[in-house]
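The following note sets out points for a colleague who has the coordinates open. Please read each one against the model.

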Amino acid sequence: MQAPLSASSPPKPHIEVDHLVVNFGHVPAVRGVSFSVLPGEQLTLLGPSGCGKTTTLRAVAGLEQPASGEIRIAGVPAYSSARGINVPAEKRGLSMVFQSYAIWPHMTVFDNVAYGLRVRRTSAPKIAEKVNDALDMVQMREFASRRAAQLSGGQQQRVALARAFVFSPAVLLFDEPLSNLDAKLRADMRIELRDLQHRLGITSVYVTHDLEEALAMSDRIVVMRDGLIEQVGTPDEIYSLPRSVFVADFIGSANLIRGRYRPDLATDNLIALETPAGHVIYGMAYGRPVGSELVVSVRTVHLGISSERPARTQNVWPVRVEQTVFQGDFTQVHVGWGDQRLVARCAAMEPIAVGREVYLTIEPRRVVLLGE
Amino acid sequence: MERHARPVTGSAVQSAGSLVSAQKMAGYGVAAVAAVLVVYPVFFLLQASLDVGDPQVRPPSAYGLDNFGGLFQFPQILLNTLTVSLAATVMALLFGFVMAWILSRTNVPGRRLFEQLMIMPYYLTPLLGALAWGLLGAPESGFINEIWRALGGRGYLIDINTAYGIAWVMALFEGSVAFVMIAAVMKSMDPAFEEASQIIGASRIRTMLRITLPLVAPGVLGAAIFVFAEMLGSFAVALVLGLPSRYYVVTTAIYQLVQQYPPKIQTAAAMGVSLFAVMFVMLFVYRRIVMAGSYVTITGKAFRPRVIDVGPLRLVLLGICVLYLFAAVALPLVTLLYASLQKIAVIFPAAENWTLDNFRTAMSMNAVRSALGNSLLLGFGTATIGVLLMGLLAWVIYRSRLPGSGLIEYVVMFPQAVPRLVFAFGLMWAWVVFPIPIYGTIWLLLIAYLTVFLPLGVRTIAGVMLQIDKSLEECAQMCGASWAFRMRTVTVPLLRPGLIAAWLLLFIASIRELGASILLMGPHSKVITPSIVESWFGTSSELTAALALIQTLVVALAIIVLIAVTRRIGAHPID
């Protein structure tokens, strides 16, 4: 991320979540989660449904009562089990965009957006000015006097957004705000949201299960699973250097290869492992501890398929094409590799016949050691 | 745009430290009121049923189970109750099932209209039906039997003052409840289940037997148990039709034991407790069945069921629909109107027998005017206070997530399982010893109505509340609005149609209330429905018919407003 320039000390986090635990009845939904969000940063909680990401967000918002832990906003505890503090949601000074948009059907677009300002007893002329500015920013000014029922999904989304930032909250929370839009609109809104967030310079926490959305919009991503954090990092780190099998699998398509560590074959700073079928593959440890049984991950886009034998010597194998799946922008090529199948995602090219012998190559730096 | 305009301040943290918020106070306040309303009379009912000491001494001087053992001295009442309830349940289910099948699965003409008319028997009330069928089917003077004799028949054709007569009238009116329940099950079945069976090659009959029936069976069984429990607790029909021939079921027996001199409070209490224990178990089983059978209604969405082309049979089925509504709605109303316009109600009146005197008398009698006035006053009071109380309760139970809201739901829904007469008996016994002398006043009736109608009001409001996406309220909270502010600006405006509907339903229910009122009203706090029953036994059936029609007119006006409002709810854009 582009961290705000600071003279010497690192910037103080805007939101800090410490050992947060949330239970639904006796079922733990969040099982001890800690992370922090820097001022102006856009942080995304990413994970499959049921991983606790929305619950975590709602706990930060104050809509969910945690069982233990601490949540600090601008250094002040909003929730602390140790100190018995639980500031109600309306007093945390946050704002939120809901998955369902939550546009009040009994009010006009203008009244919806003006709500937060009226709560704060802003003067009428000031309200008109701010609401119109906000509606301008989301290009909804001309709809000001409409009611929610007369708006499309995308328009409701924009109104919800304007309503959330119009009263200049310190933090914006997003609960899967784009999941109810169709694919095309979702892609457009992604860019708009990112743009708006930069213009407002507002700290935001964003929840999604959509990988592309997370990669496109975030400064940092927190990957969650079963109420715990799997990995925290920039979109590039998360994508290129997944830490675990789960992250590698969840974040885009990856081939997982298991094998025995062969320290005797290691060269330079590469590690080598031997698969049960006898293939030796070179990869990189990226500072992770190396055990005796290893798992590495290779993204499908990083598998090279060529009909001529490449010049390199490491990580080159003759393989047979077993299946091809044409998917428009790219073609998925399944090749037999020892006793497993590997999937390569090739840019659209002339069709490869099933049964053909080709060469498979992988750059060693794309073979990422996973910790388990 | 400035940032951090409203950061979290230290004072906000401190104010949160104090646990007493407006929200919690309001929540626990209404919960406490509901608990007192429900638990206080139930406690006294249980106490009386276990009291084996001197009936004149309170609190009881000795406790034991003798009162329950004593119930075995009344085998006839048990037998009567079972006979009437079973017969009525079978008939009501038959009416309900046949009507539900015709109106949701066949191409009978005018289905839409009939479906809406099917709720009319429910609004007409069993009491009205009992009065009308009493006029029609009494062995000597009943209109039907007069016609029978005029045609040359001997004796009488039907006797409504018997077990099957009582069951018939009860079934006619409970049939519309069974219809609503069974039709809902039939509509919630995805037609794809049947289509899949036919695609595979099963015949229509086989599909019906192997797919349709098993899928609707849990719903029908649930309806059967629910209806049976209602029949066990029903009072008005058995009172009006059974009393003349001294045919008692459990509810009328309890009434008799309390009203006679000297009253047998302890026996009545044991009978009431036993009745509500049985009903409680049945409603529990009903809930289990509905939940276990929910694979049919798992999506909760209404499908458009496949309509069977029944060909020329359509007219026969249409005839069945018309016949049912005729027997349950048109005939009773016409009968009462006919009787109310005569000096002495006969089927072949002479010209000078016609009169408007009954209506004139009804409107000029002080007792009637004060009863009608009291009923209207109670209707307004119950509805207004009830909407406030039950609206808050619905919010506490389904929205607030205050600890213990599940328990509050049980307390609030408890009166559902207790016949109103039995509940009123508990109330009577409880408030007689209450330090503030409200026994025999209109205030006790208000308390009784607010208690027995808790489930009705809370369910009506909750139905609308659950349609409102929770995030609409949460969003207001995230915008910084306090509890009172978001109640005023978001929750209440969105709930308004539900609150109006609940107000009208409570008003209608109060005007028609019999079981609780008949025990609790005093000589200076008479209300209309028990007065109608008193008039039936004490004065003339013609005057009674006029009274019943006047009451029906008041209720009908409220229902018309209710329908207009619920139409608007349907059109209201709530996500």
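1. A:Thr55 touches A:Val22, A:Phe24, A:Ala29, A:Val30 and A:Glu64, residues up to four places away in sequence not being counted; contact here means heavy atoms within 4.5 Å. The residue belongs to helix α1 (residues 53-61) of chain A, where helices (H or I, at least four residues) and strands (E, at least two) are DSSP runs numbered from the N terminus. With a relative accessible area of 10%, A:Thr55 is buried. The term buried stands for under 20% relative accessible area, exposed for over 50%, and partly exposed for what lies in between (1.4 Å probe, protein chains only).

2. On conventions, this is a predicted model, in which local features need pLDDT of at least 70 and side-chain atom pairs count only at pLDDT 80 or more, while totals for chains, interfaces and linings use all residues. Residues are numbered from 1 along each chain as its sequence is written, chains are lettered from A and ligands numbered from 1 in the order in which they are written, and side-chain values use heavy atoms, with hydrogens and water left out.

3. Chain A as a whole comprises 8 helices and 21 strands. Its C-alpha trace spans about 75 × 50 × 45 Å along the principal axes. Of the 372 residues in chain A, 52% are buried. Among contacts in this chain between residues at least 6 apart in sequence, 64% join residues at least 24 apart.

4. A:Gln42, in strand β3 (residues 42-46) of chain A, has a relative accessibility of 1% and therefore counts as buried. Leaving out residues up to four places away in sequence, A:Gln42 touches A:Arg194, A:Gln197, A:Ser204, A:Tyr206, A:Met217, A:Ser218, A:Asp219 and A:Arg220.

5. A:Glu176 is not a glycine, yet has a positive phi of about 40°; its loop runs between β8 (171-175) and α5 (183-200). A:Asn315, also not a glycine, has a positive phi of about 55° and lies in the loop between β16 (303-306) and β17 (316-326). A:Glu176 counts as buried at 8% relative accessibility, and A:Asn315 counts as buried at 3%.

6. In chain B, a cis peptide bond joins B:Tyr261 and B:Pro262, with omega about -5°. B:Pro262 is located in the loop between α13 (250-259) and α14 (265-292).

7. How do α7 and α8 of chain B pack? Helix α7 (residues 126-137) and helix α8 (residues 143-150) have axes 4 Å apart at an angle of about 20°, the axes being lines fitted to C-alpha atoms over the stretch in contact, with angles running from 0 to 180 degrees between N-to-C directions. The two helices are therefore roughly parallel; that label covers angles under 35 degrees, roughly antiparallel those over 145, roughly perpendicular 65 to 115, and oblique the rest. B:Trp133, B:Leu135, B:Leu136 and B:Gly137 of α7(B) meet B:Phe143, B:Ile144 and B:Asn145 of α8(B). The contact residues divide into 5 nonpolar, 2 polar and no charged, with Ala, Val, Leu, Ile, Met, Phe, Trp, Tyr, Cys and Pro counted as nonpolar, Asp, Glu, Lys and Arg as charged, and the others, Gly among them, as polar.

8. Helix α17 (residues 366-400) and helix α23 (residues 483-512) of chain B have axes that come within 8 Å and cross at roughly 140°. That angle makes α17(B) oblique to α23(B). The residues of this contact comprise 16 nonpolar, 7 polar and no charged.

9. B:Thr491, in helix α23 of chain B, is buried at a relative accessible area of 7%. Apart from residues up to four places away in sequence, B:Thr491 touches B:Trp395, B:Glu473 and B:Arg486. B:Gln23, in helix α2 (residues 22-50) of chain B, is in contact with B:Trp395, B:Ser400, B:Trp483 and B:Arg486, its neighbours within four places in sequence set aside. The C-alpha atoms of B:Gln23 and B:Trp483 are 6.2 Å apart, although 460 residues separate them along the chain.

10. The structure holds 0 disulfides over all chains, a disulfide being a pair of cysteine sulfur atoms within 2.5 Å. B:Cys475 is in no disulfide, and the nearest cysteine sulfur, that of B:Cys479, is 4.6 Å away. B:Cys475 counts as buried at 1% relative accessibility.
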